[in-house]
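Hi everyone, thanks for coming.

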Amino acid sequence: MAVGEIFLAAFLQILFERLMSSELLNFARREGVQEKLKKWRTMLSTIQAVLCDAEEKQLTSKAVNLWLDDLRDLAYDVEDILDKFSTELLRRKIEKLHQASTSKAWCLIPPCCTCSSSSGFGWFMYNLDSEINEITERLQDISRRKNELGLNDIGRSVIEWKRPPSSSLPDGPVIGRDEDKKKMIELLIRDEQSLVNFDVASIVGMPGVGKTTLAGLVFNDDAMKHFDIKVWVSVSDDFNCVRLTKAILKSITLKNENFDEFSEFQDLLSEVLAGKKFLIVLDDVWNTNYGLWATLQSPFRAAAPGSKIIVTTRDINVAKLMGAVECYNLECVSDDDCWKVFVQHAFLNRNISEPPNLRLLREKIVSKCNGLPLAAGTLGGLLRCKEIDEWEDILNCKLWTQLDQSNILPLLRLSYHYLPSHLKRCFAYCSILPKDYEFEEKQLILLWMAEGLIQQLEGSKQMEDLGSEYFNELLSRSFFQKSRKDKTKYVMHDLMNDLAQWVAGEIGFGLEDKLDSNNGCWIFPKARHSSYISAKFDGIQRLGAFSKVKYLRTFLPLTEPHGEEKYITSSFTLDILPKFQYLRVLSLNSYNISKLPDSIGELKHLRYLDLSYTNISSLPQSIITLYNLQTLLLECCYDLNELPTGMENLTNLRHLNSSNLWSLKAMPRHLGKLTNLQTLSYFVVGKDSGTSGVGELGPLLHLRGMLHISGLENVTGAEDAAMANLVVKNGIDVLLMQWNDRELVDTDVFEMLQPSSKLKELTVMGYGGQKFPSWIANPSFSNMVVMRLERCTGCTLLPPLGLLISLKKLIIRRMPKIESIGSEFYGEGCLRRFPSLETLSFEDMENWKDWFPVGTGIGIEVFPKLKELFLRRCPKLEGKLPDNLPSLAKLVIGKCDQLVVSIPSHQMLNELNIDKCKELVRESNVELKSLRSICLNDISNFRHPTEGFMQGLIRVEDLKVVSCREMASWQDELQQLISLRCLEIEDSFEHFTSIGEETGQVQSWIPSKVESMKLENCHNLLKILEGLHLTFLQELYIFANLDTRGGHQQH
């Protein structure tokens, strides 16, 4: 493996520091191994001193390469030994607490998972002593070979990590592709004569030139809005027709379809695409098998003419095989644009003057990038963290010219070479991520933590915060990129993925990379980390090879979020899993397993366990002996009804994701002893002494993110509630408070559950008290942006939420005792009420009758930024809506039978959806320039100016009218909707008899630009004249128009 010192400098430094810890030294002294560990420290120190020399010599010496490989394996084994020490120390501490106890939880643990007897401990030390001797011999061999290879201390230490001067990231405009974008758009909007309904256009270019970036620019341009369906799929080298068809379907329907046969997926895709004009991007295609492409594109033929497919590929033959009508060859950017990309990343778009000596380096920098935007951005990220007087040395580094067989761009190798050692370890770990895999920042950080790649020094930042800094540093250096499909996730460019695999060598692998033609698998016996994309059925043939990997640390099946249920052979959990004695990361996410074996407690090194979306109903009691466990993910384990007693033993637990554990009855007792917890997403307050009361939240001072507290009716009183101490928990952003029994409510309890003023989102569900606590609308909640009040059945008045200056979204549902809303809702003492509110929703307010406006006066503003107003199922609400809503863009009214709805005349209104109201009023014929969509349902009374309802609605593009039979005059008004594209009429227009008139020149009341028209249950419709001229019409549907000849027509 031709790599540098990889991450060994940081790795050895961590081992050295652990060997110096006072706790370990005391342990070693008591057990008589102090002198042996002292030898380890001495030898590691001399080895560490020559790493920089080895880093340079390994470029030309195979022997040095092998020496570094052996040193890497030895470092892992040393760390495993030290982990055994620390685990044993922790076990002793915890067992000491139980020695005089009759704890039922401790008695339930299988003997195989404990080592409480003196004989058991002697056996542990006996085994460990033999391992220590073996490590000592290997260290001596490494030291001897070091001398034979002539490796010396060249006096150069690891370069200090210099943090960037700004936390901002180079997300600026794409440089140098305006002309390419223009040409691609022209190509896509051009009508081509084709034998099929779609055309293929390809972007061909070398790695790193920006093919995906250009496709993204085109895909998101306004010129592509005329496509009915837009889909982006990452293909990579796995052209799996089933996977790709499912990905396209999911992108369109937003659902995971689950069929047994591939043909069923194709049939559904054909139905979804039928008559629709689509734009599909197939990104990074390598496939040269025409049969696979023919299979994939079969459903595309059902689409409307003019559909387009954009293919990005490195190989023009791939584009030709797919029938590309145009192969756009993407050239490298100019030197000037390349320099602009470099500056964008080197200075993070900050407006600063260039240092005078920068011009002298420009030519050399540009020449190194070879016109590749990826290279320019990467080099900018590298040099940004160096002083400018260091740039010359880096640009002259011999890694630029070093030849090898890796096919990795020299610049990328150089960028890795100059990473700080701790970041090298983190990046190398990413080698197990498949190409195009989208990952979340927190997900990766928790994996790094589990593997010991983030070290928290005493009194320093939390590991998670350090991990975030590491992540953002790699992001700013272009090792990671934001996903184009999901802005909350990230991906690695293919070249970066190749780089990660190159530097990790055989230590990390993806299972797919090791499969032979018979789906068998060969794996490097000393491999440490593995991942794979889980299949629907993962059997012994696929996973059997893992039984030979004795030192595996990461077992990480990867699956789509909320994907289909997967099945794994029981041989894995029963036979293979217990052999992973060094495992730190274990995921069984989405596998259909209902039980874990007790032997899980023997995996003493385990730090990360993901059982989310499984059918687990209970966890084995032995899990409480996993003393190193940091992360336990149980999201959406719907059958899980209890957590094991004794959870307080897991003193290193930092993240317990218990989201959506709806069967969970209570939390086990003493949960408050887990003082390192940062994530506790769902907490059920217990009733009896064997469970945790709300006071157990008190000691959990590091909680952050979301906290959902259920069972609040079980809180015994205000004093008990105060013990939760929510007010000091500044890390909690989202808080859900839920009562399940509305009869058992103590108002004082709610008062004492006041959260921190840093809270951003609050949901209250099932509260049965008569009034809300005084704190709920306190202006000190300056970060509060979302609030939901649901099923608060006892409250007669709403709190003065208008005083919350940052509130953007407010949802109020099912509050049957609310009869009126007035000044108490808006608050007093300020001129601007609800100054930031953008979305307001009232739903299922069965007894709400009056909505009184706030008093008017000079300078008083109410809802100045309200964009969306929803009123649904408020059957007794009378009168009118608030007026003077200058920012209102969307108005939705549903089942408000007594309400008079007046259409706002404000210019921001974009969407109007009215479903059943007492009367719909349009008081002015002012032109509504922004209104694009109108949907009216079951409205019998209209009031409007004499000019007609449609006057001034010239920008409306979509009109749907259902069950509005009295709209007789509208037939003549529709011609005024000159921008109308989609028209749907159902059971409306009582006198609607024909489309067109039998005159010398056929005239239609249908606007001429309509593209889609649907007529349903228009019972008096007699005929559609043949002379109707709608030249833009693409779709015409006619259903159950009973008086039409033939009784039922569909066209």
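**Strands, salt bridges and surface patches**

Let's start with strand β31 (residues 911–921) and strand β32 (residues 933–937): they run parallel and are joined by five bridges. Before I go on, this is a predicted model, where local features need pLDDT of at least 70 and side-chain atom pairs count only at pLDDT 80 or more, while totals for chains, interfaces and linings use all residues. Residues are numbered from 1 along each chain as its sequence is written, and side-chain values use heavy atoms, with hydrogens and water left out.

Some wording: strands (E, at least two residues) and helices (H or I, at least four) are DSSP runs numbered from the N terminus, and two strands pair if DSSP finds at least two bridges between them.

Back to β32. Which residue there partners E911? That's S933. On to strand β34 (residues 958–962), which runs parallel to β32 and is joined to it by five bridges. S933 turns up again here, with D958 as its bridge partner in β34.

Next, an open sheet of eight strands, with parallel pairing, in the order β8-β9-β11-β13-β14-β15-β16-β17. Its edge strands are β8 (508–510) and β17 (679–680), each pairing on one side only. Take β8: three bridges tie it to strand β9 (residues 529–533), running parallel, and G508 has H529 as its bridge partner in β9.

Now, salt bridges. How many does a search of the whole structure find? It finds 53, counting a side-chain nitrogen of Lys or Arg within 4 Å of a carboxyl oxygen of Asp or Glu.

One of them joins the side chains of E79 and R553, at 2.9 Å, N to O. This pair links distant parts of the chain, 474 residues apart: E79 is in helix α5 (residues 62–98), and R553 is in the loop between α24 (540–543) and β11 (554–558). Are they buried or exposed? For the cut-offs, buried means under 20% relative accessible area, exposed means over 50%, and partly exposed is in between (1.4 Å probe, protein chains only). E79 counts as buried because its relative accessibility is 2%, and R553 is buried too, at 0%. Both belong to a network of salt bridges, whose members include R18, D77, R584 and R607.

Staying in helix α5, E88 and R92 lie four residues apart, about one turn of the helix. They form a salt bridge, with the closest N and O atoms 3.4 Å apart. E88 is buried at 5% relative accessibility, whereas R92 is partly exposed at 24%.

Another pair is E464 and R654, whose closest N and O atoms are 2.9 Å apart. E464 sits in helix α21 (residues 463–476) and R654 in the loop between β15 (631–633) and β16 (655–657), 190 residues apart. Both are buried.

Last stop, the surface. Patches are made of residues with over 30% relative accessible area and no salt bridge, joining nonpolar side chains (Val, Leu, Ile, Met, Phe, Trp, Tyr) within 5 Å and like charges within 9 Å. L701, V727 and V728 form a nonpolar one, with about 240 Å² of accessible area together, from the Shrake-Rupley method with a 1.4 Å probe, where for residues only the protein chains shown count as cover. L701 lies in the loop between β18 (682–684) and β19 (705–710).
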